Amino acid sequence: MVLFVLSGCEAFDSGPTLDTKAQRAEAEKQPAEALRLYTRACDKGVLTSCLRQGRLLAEGVGTEKNEAEAMKPWLRACDGQVADACAAAASVLARTPAEVKRAQELDKKACELGRQASCVEQALRVIDGLQGKLDDAPMADKEEYGRAFDALRSACGAGDSRGCELVCSKTKGLDTDSCRSACDKGATRTCHFVAQSYLAQEKRDFKQAQSLEEKACEGDEPVACLTLIRLGRRGWFKGVKQAALAKRACELGDCSAACELGDAQACDTEARRLAAQGDAEVAKAYAVTACRRGLASSCSELDAGSSGTAASEEDAGTDVPEEDVGTGFPARVTEDDTRWEWMRLVCGVEPVFNRSEVSGHEWLSCPRCPLGFIGNDARAPSLGEVAEGSFVEPGRQEAFIALDGCEGYEFSGISRGTFGRRVLLAEVDGQWKLVRYYPTNAPSFMEGAVRLRASDGTDVFFSNEGSGCRMGGCSTALTLTRVTEKRIEQRGVLTSDIDEERWSWSNPTVSDDGTVRVMLLPQQEDGEYIVEWKWDGDTLSVQRDDVTTLKKRGVSAKRVDRDWRPARSFD
């Protein structure tokens, strides 16, 4: 009888009283009772109780989870100008593509009611909705996109850390002010972009950049962890613990570095991650690496997966030209080819085989930038020209390789510097070893170069190192290049400026007696102008020179005799 009287008294409680009791019940961990009381308070017009009722329904606290039911009290509270209720309803609607517009409207209302976070959400939904479609979008959508970015910047300026973080990430770090603000406000992943800005300065601040990359790595940004390893290897960052950072990046979802450093299980994990993303070819490269390192499960899965591919691969090999003239690759690169062995050393993992369906051209590339390179992921290096000889140690079989991609510094999506790199490999005790990476794109070789045997038994390049053309004028430099254990050095022989519509240089040639020849060829008339040198194993001495004294329009040339200098480096 007493309980009935108390329950009956509750019927006369006001809405605010019921809300107070509900909060007490929730604090005392009586969720079902709290939900009952919030529901009654909401029915009596306490809109904050409607907000809390919806939250318990959406989270399944004190009842079964039911977001559809949660929408009812939320929308009621939103109609009553409760900004948080509008935002809660928008967050549910936004997960359904057909309801995104309605979610934007609710976020807009919450924003107008003073909820700064909803201003950010509304802007983000607009930007995400138009991402990748902006070029073909009507002008009204483009203007809305611009207003959305302005809203994010305004939120950032008002102290909203998420607004700063979104501007930073959506601009890929180009909005450095937003990135700095986000990093300062605790959005540690954006500190990676700020670090890059310090590295892009003319006078790089390595200490500050390293500190920021460490902050970003600790803040769950795997790219920052990888950058620490890369620049530690380069000598720019100090005290870098590669294995620990590679493990941290792997924990954050990128196991490529740990794989490259020798962890077979990490190779398998990376293969599975990439396969789940639909990148089958690169996934296979990591799976093969895991298998080669003795992980039986990876070998078994590769065997199972390859059972149905033999016929299709054989068919794919038909109608392929015997040789690709541009690189000298055989028509089909096989895993027994020495180039595979070279690229395994360069990549640190199994290389990826590529073939153009249009031209039949085949080439090898790394699945991503090796740790010895600065670039993180955008351009995996491919095997370019190869020169075989003895470049550093006389009598030793060496391969001097040009790689395309991954080098130069890439700041926030903008390529800075020339991409490419040189690598020296050597055969030692019957095994190829990687001797050194050289962060330069010198020399230009193969078609544009000849090799000369030096008196010490090493090979030296003579090449035409063009520095570029502008407004029809081209600058070139005929140059000697030698490879040392620590760096690549060059020595200028002849420089010229020519009008490319009137003149062109031939590729250099060398005869058996050591005569090096280049020809300047007129484009609009017959004739040839020759420069010849004699190579004695150490120096070039001029034998003939028709060019530097030439008094014709569109050409200016002069011989130079410079000392050996380090080749232009990306560092």
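Predicted model: local features only at pLDDT ≥ 70, side-chain atom pairs only at ≥ 80, totals over all residues.
Let me begin with the whole chain. The model contains 21 helices and 20 strands. Of the 571 residues in the protein chain, 46% are buried. Among contacts with a separation of 6 or more, 48% are made by residues 24 or more positions apart.

I turn next to confidence. The average pLDDT of the chain is 85, and 87% of the residues score at least 70. Which elements have the lowest and the highest mean pLDDT? The lowest belongs to helix H20, residues 310–316, with a mean of 38, and the highest to helix H15, residues 242–251, with a mean of 96. Residues 307–333 have a pLDDT below 50, yet this stretch makes 35 contacts in the model beyond near neighbours in sequence. Residues 1–8 also stay under 50, and for them the model has zero contacts beyond four places in sequence.

The largest nonpolar core comprises 62 residues, and Met343, Ile401 and Leu403 have the most contacts inside it. Another core lies apart from that one; it has 31 residues, including Leu56, Ala58, Cys78 and Ala90.

Two of those residues, Leu56 and Ala58, bring us to helix H4, where both are buried. The helix covers residues 47–59. Besides Leu56 and Ala58, the buried residues of H4 include Ser49, Cys50, Gln53, Gly54 and Leu57. Because an α-helix has 3.6 residues a turn, residues three or four places apart point the same way. Against which helices do the buried residues of H4 pack? They pack against H2 (15–27), H3 (31–43) and H5 (67–79). Just after H4 comes Gly60, with a positive phi of about 70°.

Strand S1, residues 352–355, runs antiparallel to strand S2, residues 362–365, and four bridges join them. Within this pairing, Phe353 stands opposite Leu364. Six residues lie between the two strands, and in this hairpin Gly360 adopts a positive phi near 80°.

Technical notes:
Residues numbered from 1 in each chain as written. Heavy atoms only, no water. Buried < 20%, exposed > 50% of the residue type's maximum accessible area, 1.4 Å probe, protein only. Contact = heavy atoms within 4.5 Å. Pairing = 2+ DSSP bridges. Expected span 1.5 Å × (residues − 1). pLDDT = per-residue confidence, 0-100. Core = buried A, V, L, I, M, F, W, Y, C linked by side-chain atoms within 4.5 Å.
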